[in-house]
Amino acid sequence: MSVDQSAPVGGDEEREAVAAAAAARTYPVAPGYRLNVRSGPGTGYAVVRVLPLGAQVPITCQTNGTTVTGPYGTSSIWNRIGSGQYVSDTYVYTGSDGYVAPPCS
């Protein structure tokens, strides 16, 4: 393949994943918090890592989960920031109390 050609993108799922990744913007975690990243949308899921102070996260999609109270209110919205990685929306400044990304499927 020459440099002026590109390979076609796969099926619908792959196209959606590419579009979601391209559209994802980053949002700041609340100042002063090291945020737990969980394997699913709730506090009952395992912590897979902890974000450092001053972190920014991409939100690829959002879903409902455990209700949490944090610096930005109380909500059951969870943000997927990567494959198998979720954070409570109440610790991420999105500028909205509602959804800012498509629902997770």
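Predicted model: local features only at pLDDT ≥ 70, side-chain atom pairs only at ≥ 80, totals over all residues.
When neighbours within four places in sequence are left aside, the contacts of A46 are with V37, R38 and S39. A further distance concerns Q85, which lies 39 residues away from A46 along the chain, and here the C-alpha atoms are separated by 10.0 Å.

## Overall make-up of the chain

The secondary structure of the protein chain consists of 1 helix and 7 strands, and reading along the sequence gives the pattern α-β-β-β-β-β-β-β. Of the 105 residues in the protein chain, 32% are buried, and the chain exposes about 6,300 Å², of which carbon and sulfur atoms supply 51%.

The contacts can also be described by their separation in sequence: among those in the protein chain between residues at least 6 apart, 48% join residues at least 24 apart.

## Strands β5, β6 and β7

Strands β5 (residues 61-70) and β6 (73-82) run antiparallel and are joined by 7 bridges. A hairpin connects β5 to β6 through 2 residues, and within this pairing V68 stands opposite S75 in β6.

The pairing of β6 with β7 (85-88) is likewise in the antiparallel sense, here over 4 bridges, and W78 has S88 in β7 as its bridge partner. These two strands also form a hairpin, with 2 residues between them, and G84 in that turn has a positive phi of about 70°.

## The nonpolar core

The largest nonpolar core has 16 residues, and those with the most contacts inside it are V29, L35, L51, V57, I81, V87 and V92. The elements that give two or more residues to this core are β6 and β7.

One of the residues named above, V92, can be followed through its contacts beyond four places in sequence. V92 touches Y27, P28, V29, L35, V57, I59, Y72, N79 and V87, a list that includes V29, L35, V57 and V87, which are also named among the core residues with the most contacts.

## Aromatic pairs

The count of aromatic pairs comes to 2. One of them is formed by Y33 and Y91 in an edge-to-face arrangement, with 5.2 Å from centre to centre and 75° between the planes. This pair links distant parts of the chain, for Y33 is placed in the loop between β1 (26-28) and β2 whereas Y91 is in the segment after β7, 58 residues apart.

The two tyrosines fall into separate accessibility classes. Y33 has a relative accessible area of 34% and is therefore partly exposed, while Y91, at 19%, comes under the 20% limit and so counts as buried.

The structure holds 1 disulfide, which joins C61 to C104 with an S to S distance of 2.0 Å. Because the torsion about the S-S bond of C61 and C104 is about 95°, the disulfide is right-handed. The link spans distant parts of the chain, given that C61 sits in strand β5 and C104 in the segment after β7, 43 residues apart.

Both cysteines are buried, since C61 has a relative accessible area of 3% and C104 one of 18%, and the limit for this class is under 20%.

Q62, also in strand β5, has a relative accessible area of 1% and is therefore buried. Not counting residues up to four places away in sequence, Q62 touches I77, W78, N79, D89, G98, Y99, V100, A101, P102, P103 and C104.

Technical notes:
Residues numbered from 1 in each chain as written. Heavy atoms only, no water. Contact = heavy atoms within 4.5 Å. Buried < 20%, exposed > 50% of the residue type's maximum accessible area, 1.4 Å probe, protein only. Areas by Shrake-Rupley, 256 points an atom, 1.4 Å probe, with all protein chains shown as cover. Phe/Tyr/Trp six-rings, centres within 6.5 Å; stacked < 30°, edge-to-face > 60°. Core = buried A, V, L, I, M, F, W, Y, C linked by side-chain atoms within 4.5 Å. Disulfide = S-S within 2.5 Å. Pairing = 2+ DSSP bridges.
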